[in-house]
Amino acid sequence: TAPDIVFESETIDYGTIPHFADGQREFKFKNKGKSPLIITNCQGSCGCTVPTWPKEAIKPGKSGVIYVKYATDRVGPFEKSVTVTSNAKTATKVLKIKGNVLAEPATKPADGTEEAPKDDHGGHNH
């Protein structure tokens, strides 16, 4: 009769994403047990992975979503986990996110201030 948390997928692959891309993804789940599911905690493996979870009980047969936001200001490949603690049969579930954040192209600076130095003399020889 215990709640049973079943995720559509326990791994989300972001693939290769641009620097500062939207880092939010959704882990959809369903309570396939016979009593209300209460998620007591979700913990990202580091501060760059921030989960948000439903605070209300999920009734039997109902679905919910755990949102995970990865900080895409960090460049390079990543693989992080989110530990979900609940009153389900399996009290602890580990969800994984992975992907690769591309570096900014080096052609121009993001803020546009570091242009080539301008010659204030207009190039004339005095």
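**Cysteines and strands in a predicted model**

Colleague: What is the relative accessible area of cysteine 46?

Modeller: Buried means under 20% relative accessible area, exposed over 50%, and partly exposed in between (1.4 Å probe, protein chains only). Cysteine 46 counts as partly exposed because its relative accessible area is 25%.

Colleague: What kind of model is this?

Modeller: Residues are numbered from 1 along each chain as its sequence is written, and side-chain values use heavy atoms, with hydrogens and water left out. Local features need pLDDT of at least 70, side-chain atom pairs count only at pLDDT 80 or more, and totals for chains, interfaces and linings use all residues; the model is predicted.

Colleague: Which residue does the disulfide join to cysteine 46?

Modeller: A disulfide is a covalent bond between the sulfur atoms of two cysteines. Here the term is applied to a pair of cysteine sulfur atoms within 2.5 Å, and a search of the whole structure finds one. With an S to S distance of 2.5 Å, the partner of cysteine 46 is cysteine 48.

Colleague: Is cysteine 48 buried or exposed?

Modeller: Cysteine 48 lies in the loop between β4 (39-44) and β5 (49-52). Leaving aside neighbours within four places in sequence, cysteine 48 is in contact (heavy atoms within 4.5 Å) with Lys69, Tyr70, Ala71, Arg74 and Lys80. Its relative accessibility is 2%, so cysteine 48 counts as buried.

Colleague: How many strands does the chain have?

Modeller: Helices (H or I, at least four residues) and strands (E, at least two) are DSSP runs, numbered from the N terminus. The chain has zero helices, and along the sequence its pattern is β-β-β-β-β-β-β-β. The number of strands is eight.

Colleague: Which residue in β7 is the bridge partner of isoleucine 39?

Modeller: Strand β7 covers residues 76-86. It runs antiparallel to β4, and five bridges join the two. The bridge partner of isoleucine 39 in β7 is serine 86.

Colleague: What share of the residues of the chain counts as buried?

Modeller: Cysteine 42 is one example of a buried residue, because its relative accessibility is 4%. Of the 126 residues of the chain, the buried share is 31%.

Conventions
Pairing = 2+ DSSP bridges.
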